[in-house]
Amino acid sequence: MSRTTHTTLALLLAACAQPETGIDRSVISGTLSIPPLALDEGESTPGSNDGWDEGTAVDVGPIGPRYTVISGEMADFSRQGGDLDSYRMTPLRDGAVTVTLTWDDAPPDSIDTGDPAEETAVFQVEVLSTIAFDDAGEPIVISSATTQGGYGAFSVDVSVEANTATVLRIGGIEGEPGAAYSLTVSGFDPNGTDTFVGAWEKADPADRGLLLGGTVADTYELDEDTLTWSADWTLLDIRSVVTEEVGADSDDAEAKDAHDSGDSGATDGDSGATDGDSGATDGTDGTDGVDGTDGTDGADGTGGTDGTGGTEEEGDPETDTTVDEAITAVYLHAGTFSGLTGGPGPGVLYAEDVVRVDLKTNEVGEDKHEGIGLSLTELLPVPVGWTTIEVEPNDVVIDDDYLPVEGTPQALPVASGPGLVDVVRGTMVFEVDDPNWDQLDNDAYSFTVDEPLDAVITLAWAGDANLDLNLNDDEVVFAVGWDPDDINPEQIDTAYWGVSLQPGTEYVLTVLPWSGPAGDLPYTLSIEWFAAP
């Protein structure tokens with residue numbers, strides 16, 4: 001997942017709220033597409049990708065909104081010791097994907113007559129866990145089916161868990177060695193996931209300069225023949241809006257001078273008063289003491305401390321906003337960023353190719369630039385640190401301050417560190433319908449960090465329910481994930497709450513059930529780590 005950011009789209013729209021003249025009225029529009037990813041099994045020798053483990057199974061990569069199509073070949077059809085092609089995929093969210101296997105086969109022309117044609121090939125399709133194992137240390141088989149009766153096509157829906165690898169294993173039962181097949185993984189429907197298209201002043205994705213306009217593409221349609229998702233988008237009113245503080249340096253210096261002067265006067269005055277007291281003790285020297293009293297007048301310098309008032313005015317500096325109407329060219333970037341100010345990061349699908357659009361400037365009226373195609377082709381993987389599963393009992397009761405007061409949280413491994421994502425798989429037991437946090441099974445996890453870190457903690461689940469999330473130290477709940485709109489996933493960004501996690505402190509994450517039917521609800525906790533500033 002990538003870190004929460006706020007878009008600047010609202011600011012751009014605000015700058016355009018009043019009718020203006022002489023401003024470029026360019027309209028840029030086009031289509032945003034998500035084409036499928038094509039992979040090849042790439043088996044160097046028969047059996048070289050038979051294992052389920054990382055480094056042996058073919059790495060399909062992260063599974064996001066795009067389809068993935070893999071071309072493979074079954075080298076050996078044998079019930080014992082045959083070819084077992086294994087593919088390891090890591091979904092970016094909880095849910096289900098459709099896995100489809102197709103191959104050349106005789107059409108079942110005679111099925112209706114009760115004498116179906118003989119199939120040229122029969123495969124076995126298995127789904128393996130990578131976090132649960134049997135007594136022999138082999139991964140648990142989550143599901144298994146044969147393609148018997150498929151005559152060239154077989155599909156199955158597979159439940160997957162965010163940031164947790166799942167292995168698809170294809171085996172041959174009947175057929176000729178060397179039979180080719182195609183394995184397709186559907187990915188997730190992109191509808192409901194905002195995809196941003198923005199116009200920037202620079203082409204470099206790492207340094208795009210000012211944002212000159214932006215929009216959201218959020219209505220996709222699937223071309224089932226090409227397995228490509230497409231959405232239309234339109235950009236209006238391209239302009240540069242820059243706001244700068246006026247005279248910040250000189251104002252700060254004057255305020256500082258006033259503050260320092262006041263402090264100095266107060267110090268001198270106090271000193272003079274001390275001399276005066278001392279002189280009063282000695283008759284002749286008492287006159288000197290009176291002089292010291294003059295020093296007390298210096299205490300009026302305390303009034304100089306009012307210069308601190310100048311420091312308070314620093315909080316609302318004078319600003320100047322410049323609107324540049326003469327934009328000659330823009331560069332279009334697009335992706336599933338967290339906002340228009342976001343950029344490529346873990347789990348983000350983005351357009352590698354940046355499109356330049358030349359604009360007419362200083363011309364009233366519309367200048368249309370239509371039919372621009374942007375293709376989201378690059379999906380950045382989520383680098384997983386460790387993955388663990390919930391171990392009961394880890395249930396706690398929370399008090400009126402939302403702190404866990406009874407029970408023992410499950411201790412998690414130490415945070416993996418910046419650039420990595422740690423994952424916890426758990427199951428919430430709803431003891432009754434809509435418990436509203438009022439139950440004994442509130443899952444809690446404790447953890448520590450060995451360096452100052454920020455974290456984005458995401459709680460995701462599948463199903464018609466709502467979960468909430470609290471984060472506390474040993475004194476107070478300082479960050480929460482319980483959006484009033486009952487969103488899924490819930491999220492805590494410690495930077496947003498103004499807190500960095502520190503070594504030497506034990507933190508507790510508590511998963512709380514708010515609404516939903518009685519029963520079990522699987523969930524995923526993903527913790528993405530960032531170096532604290």
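Is Asp94 buried or exposed? Asp94 is buried, with a relative accessible area of 12% (buried is under 20% relative accessible area, exposed over 50%, partly exposed in between, using a 1.4 Å probe and protein chains only). Keep in mind that this is a predicted model, where local features need pLDDT of at least 70, side-chain atom pairs count only at pLDDT 80 or more, and totals for chains, interfaces and linings use all residues. Residues are numbered from 1 along each chain as its sequence is written, and side-chain values use heavy atoms, leaving out hydrogens and water.

**Salt bridges overall**
- The structure has five salt bridges (a side-chain nitrogen of Lys or Arg within 4 Å of a carboxyl oxygen of Asp or Glu).

**Around Asp94**
- Asp94 pairs with Arg425 through a salt bridge, at 3.1 Å from N to O.
- Arg425 sits in strand E27 (residues 421-430) and Asp94 in the loop between strands E5 (84-91) and E6 (95-103), so this pair ties together parts 331 residues apart in sequence (strands, E, are DSSP runs of at least two residues, numbered from the N terminus).
- Arg425 counts as buried too, at 8% relative accessibility.
- Glu161 joins Asp94 and Arg425 in a network of salt bridges.

**Glu126 and Arg169**
- The closest N and O atoms of the Glu126–Arg169 salt bridge are 2.9 Å apart.
- Glu126 belongs to strand E7 (residues 122-133) and Arg169 to strand E10 (residues 166-174), so the link spans 43 residues in sequence.
- Both Glu126 and Arg169 are buried.

**Arg356 and Asp358**
- Arg356 and Asp358 form a salt bridge at 2.8 Å, N to O.
- Arg356 is partly exposed at 47% relative accessible area, and Asp358 is partly exposed at 46%.

Conventions:
Helix = DSSP H or I, 4+ residues; strand = E, 2+ residues; numbered from the N terminus.
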